[in-house]
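Here is a friendly tour of one protein chain. Please keep the sequence and the 3D view open while you read.

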Amino acid sequence: MNKKILSVLMALLLAFLSLPVNKVFAADDEGTITITNVTTDDEFYVVKAFDIELDVETNSVQYYRLYDDNGTELDARELLDASLTEAEIRTLGIAIGSKVTVNGETTVVASDSKIEYKDAPGGYVFIPKTTSDVYDVMVGFIQYTQKDGEYTIHADTITAKKNEITLDKELVNNDIVGENQVLTFKITFDVPKYPKGATDTKLVLSDILDAGFEFKTDSVTVEGLKNGDPNATIQEPAYTDIKGDGEIFKYDFVYDEVKGYDQILVTYNVVVNGDLVVDGDDATNNNKAILEYSNYPHNDGNYKEIDDNVKVKTAQLTVIKLDDDEENPKKLKGAKFALYRKVTDQEVFEGLTPDADDYVLIDTIETDADGEAVFERLAYGDYKLVETKAPFGYQRLKDPITFTIAEDAEGPALLVEKTVTNTKGFNLPNTGAAGGKVMVGLGTGFIVAAGFLLLIDKRKRDNAKA
């Protein structure tokens, strides 16, 4: 080959090799950002905030920001002369997060309590989308690191900052209750720890009662708790009481006034009324508390609701009155029954006065044309059923019938049924105690009267002889 031509080719080759190459990316130049301490199935938006590129000519890594400090996407990316501080990166992430819309953004879903996001080198912002917990903004990097003159991909492992919000509504009494009984409900919920710079700190508690309960409006107390212990009674304007349709109350809390507490405790009383349903289905006798809060407090209008529902049960006794005809028993109308319940020590302490056997009268009911007497809305406890009057021509049941409604009763166990059989005849007076004294008195009277009559008869006969 001509030496002149060869020298020209060599010169061209050297010139080509000396051309700057700023971007070096291979198809497999990807890394994985791992985020731990997240709740399975929580969803997050992912927004790329930084381009990170390897400049082979200068043997350096270049960082380009894609958003300005207000979170608005730049028309042209901006080369960073120096790395941003951790605080600046977090502030930028918050700003970007506040501008996120639901459309057109990549989303990831937590699985096995973690997120694994794979992509090209860059800085990525993770923003809560559908979550139960309150998360701080998270920014992770997939970038180049140099070792022994070679660049490799390095990615972040991030521990998510979050606080799990819980809501608990409980019935202080046993959940098998009776009519006119006073019940106490307690609602406890966590105060969200919104991160610095939060723009939306909504915190609203609502409570909804079924028709079987009469709300005692003057019984509500609102307390702040620290480490589980009462700290102070919270007064308005820390919260605003809003009466809503179907709600007994709705408290809109002022976050700055309650953020120093770990939890808030709301306590109130209701009275069981005649609308409480016996053995109702899941749609009845419900008492639901609802907590609404911002689960991404850097973006207004992104809220989460959690609720806790308390199902209240009540029992029923049906008395069936029959005669003793084995082949064709007749249903008997007009029998009267009194139902008594054994009181608890707490009820005595609260002022309930029982009889000598520690029972109180619940109600007295007469059997109807079907021979039935139904005692509704009974609480759990020990009971005795006493027949106080038998139908005409039948003997009254002498001994009471005892039974128990268990604290954990449910389903058929809440529907107690007792059949009482009467025999024909009339009850004679009792021969014991007061009844015995009456019989003795009557007997003595008859004897005295008989003796007096005999004496008169004897005198008449003596006078006749004289």
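Predicted model: local features only at pLDDT ≥ 70, side-chain atom pairs only at ≥ 80, totals over all residues.

The chain has 466 residues, and 39% of them are buried. Its secondary structure comes to five helices and 30 strands. Among contacts between residues at least 6 apart in sequence, 71% join residues at least 24 apart.

**A sheet of three strands**

- Start with an open sheet whose strands run in the order β6-β1-β11, with mixed pairing.
- Its edge strands are β6 (114–119) and β11 (157–159), and each of them pairs on one side only.
- Neighbouring strands in this sheet are turned by 15 degrees against each other on average, direction ignored.
- Strand β1 covers residues 31–36, and β1 and β11 pair in the parallel sense over three bridges.
- To find this pairing on screen, look for threonine 36, which stands opposite threonine 159 in β11.

**A sheet of five strands**

- Another open sheet has five strands in the order β19-β20-β15-β22-β23, and here the pairing is antiparallel.
- From one strand to the next, the twist averages 15 degrees.
- Strand β22 (residues 286–294) pairs with β23 in the antiparallel sense, over nine bridges.
- Within that pairing, asparagine 287 stands opposite valine 310 in β23.

**Strand β17 and its partners**

- Strand β17 (residues 221–226) pairs with strand β21 (residues 263–272) in the antiparallel sense over five bridges.
- Valine 222 stands opposite valine 266 in β21.
- β17 also pairs with strand β18 (residues 229–233), again antiparallel, over four bridges.
- Lysine 226 has aspartate 229 in β18 as its bridge partner.
- β17 and β18 form a hairpin with two residues between them, and asparagine 227 in the turn has a positive phi of about 55 degrees.

**The largest pocket and arginine 341**

- The largest pocket holds about 860 Å³ of space.
- Its lining has 31 residues, and Glu179, Gln181, Arg341, Glu347 and Ala379 lie nearest its centre.
- Several elements give two or more residues to this lining: β14 (182–190), β25, α4 (345–349), β26 (359–366), β27 (372–378) and β28 (381–389).
- Sorted by class, the lining of the largest pocket has 13 nonpolar, 10 polar and eight charged residues.
- Arginine 341 is found in strand β25, which covers residues 336–342.
- Is arginine 341 buried or exposed? Its relative accessible area is 12%, so arginine 341 counts as buried, because buried means under 20%.

- About 410 Å³ of space lies in the second largest pocket.
- Of the 14 residues that line the second largest pocket, Glu86, Arg90, Val137, Val139 and Ile158 lie nearest its centre.
- Which elements supply at least two residues each to the lining of the second largest pocket? They are α2 (86–98), β9 (138–147) and β11.
- α2 gives the most to this lining, with four residues.
- The lining of the second largest pocket divides into eight nonpolar, one polar and five charged residues.

**Backbone details to look up**

- The peptide bond from glutamate 236 to proline 237 is cis, with omega near 15 degrees, and proline 237 lies in the loop between β18 and β19.
- Asparagine 180 is not a glycine, yet it has a positive phi of about 70 degrees.
- Asparagine 180 is found in the loop between β13 (167–171) and β14.
- With a relative accessible area of 60%, asparagine 180 is exposed.
- Arginine 377, in strand β27, also has a positive phi, near 55 degrees.
- At 13% relative accessibility, arginine 377 counts as buried.

Methods
Residues numbered from 1 in each chain as written. Heavy atoms only, no water. Buried < 20%, exposed > 50% of the residue type's maximum accessible area, 1.4 Å probe, protein only. Pairing = 2+ DSSP bridges. Axes fitted to C-alpha atoms, helices over the stretch in contact; angles between N-to-C directions. 1 Å grid on protein atoms, 1.4 Å probe; cavity = no way out; pocket = protein on both sides within 12 Å on 5 of 7 lines; lining within 4 Å. Points joined across faces, edges and corners; volume = space filled by probe spheres on them. Nonpolar A, V, L, I, M, F, W, Y, C, P; charged D, E, K, R; others polar. Contact = heavy atoms within 4.5 Å.
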